[in-house]
Amino acid sequence: MSLKFNTSLEDLRNLVNLHLGAKFLETDPNWQVLDSSISGRGLFARRDVNVGDVILREPALLAGPKAGQSTNINTCAVCYCRLEGNDQEILCKNGCTMPVCEMCCTSERHVGECKVFRKWKPKENGKVNRPALRIVSIIRCLFLNEDQHKLLYALQANPDKYYKAEVQMAAACFEEFTQNKDVLNYFYRTICAFNTNAFEGSSCVGGHEVLIRALFPVAGLMNHQCTPNANHHFENGETIVITAARPIKEGEEIVTSYSKILWSTLARNTFMKLTKQFECCCPRCMDPTENGTYLSALFCRQQGCKGIMIPVQTKTLQPDWRCLTCESVFPHSKMARYQDFALNTINNRINACSISDMITFINDMCPRFCPPSNYVLVEAKLNVIWRMSRATTEVFTEEQLKCKDRYRAELLELLEKLGAGECTLKKLITEERL
């Protein structure tokens, strides 16, 4: 199967226009598709774009509930409304074992996939099978029209060694899952396109927050930079909105981030190497200090030194580390163990502690083994802000509320140093909607 672009730029533009249709295609859009010096094709500004301007609204080509292991199965797989009841009560009444609301059971969108699932004969009719539900967004490729099929195949699709596993896990949920090689290859190709281009995120549908996995062909053309100039959010279960985080000049490429913006360079590139099969070489990745944020920093391991160490070589996932004070150099293997210790220690606390205990741990214990700038500690502070912004029975002291405000100010300062502009995370921190 072909996994690379085999569609001309002009044909891709035509397919994109058909995909957007009259509802989403503007008469004079502020973006265009061009060949990119970063990778493949990309989106570029046709004119100057101001902060906050909407660049693009786009419907999903394929979408479905995320259905991860930690996800509550309480969402209709078709319209994403909230479902009430146990597994048997929320399952499709026709026997396909998908969680579907009563209205969607007989809807045009569900009839085809319902028939396919029933043809494959689910092994357990009384429960929701997560692997089967997770692959619904892939199975829906069977119902694309010819132009949509061409658009799917026009997208970059990078395989990894696990790309067949998702289909295989779903197949185990059925007695007679398809063995047709052409259909299986179509599923595999679609999974590769998802892994390369899809977006995962939360969306509020009817007051109900749902986790969606969706393929947006135009938004998926945006290339990655670690300090992007564009934001994205789900307008509803199957519509994405791209807005400008910073001013974008005419002719400038519109870029997004495939990883968390406050991760360290090593964490970001390890994640992208594993999930996207590339390493980033943007200006931020080439600066060991990350614009003076020192998100990678660890304490020096040289006895008697109280300095911090940062990676020396940023083009490798296993760099040497150098102390900024005593200039001692340590191999990555030693520093990685130190970083893993910090990560595991803090994450274990996050999962087990009350918010009050977490604040005490961050303030009193973490400074002993982790510089305040290290991204693991930054993530812990973000977690505290998030938990305190949610409904909780905990009562906080005035001092703890001041800690929350201080953490927020520190995070905003980091985003400012990175040049993140009006990024989504800044809005969430400022408006306390994490």
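**Pockets, cavities and a helix crossing in a predicted model**

Modeller: In this predicted model, the lining of the second largest pocket divides into twelve nonpolar, four polar and six charged residues.

Colleague: Which residues lie nearest the centre of that pocket, and how many line it?

Modeller: The lining has 22 residues, and L61, R109, F143, L144 and Q148 lie nearest the centre. Leu and Phe count as nonpolar and Arg as charged, so L61, F143 and L144 fall in the nonpolar class and R109 in the charged class. Q148 is polar because Gln is among the others in that scheme. The pocket has a volume of about 540 Å³. Two or more lining residues come from each of α1, β4 (62-65), α3 (108-120) and α6, and α1 gives the most, with five residues.

Colleague: Which residues line the second largest cavity, and how do they divide by class?

Modeller: The lining consists of L20, F24, L25, E26, P29, W31, I55, L56 and R57. The elements giving two or more of these residues are α1 (9-24) and β3 (54-59), with β3 holding the largest share, three residues. By class there are seven nonpolar, no polar and two charged residues.

Colleague: Is the crossing of α6 and α8 left-handed or right-handed?

Modeller: The crossing is left-handed; the term applies because the near helix is turned anticlockwise from the far one by less than a right angle.

Colleague: How do you know that α6 and α8 are in contact, and which residues meet?

Modeller: H149, L152 and Y153 of α6 meet Y186, R189, T190 and A193 of α8. Contact means heavy atoms within 4.5 Å, so the pairing of these helices qualifies. By class, this contact has four nonpolar, two polar and one charged residues. Arg counts as charged, and the charged residue is therefore R189.

Conventions. Residues numbered from 1 in each chain as written. Predicted model: local features only at pLDDT ≥ 70, side-chain atom pairs only at ≥ 80, totals over all residues. Heavy atoms only, no water. 1 Å grid on protein atoms, 1.4 Å probe; cavity = no way out; pocket = protein on both sides within 12 Å on 5 of 7 lines; lining within 4 Å. Helix = DSSP H or I, 4+ residues; strand = E, 2+ residues; numbered from the N terminus. Points joined across faces, edges and corners; volume = space filled by probe spheres on them.
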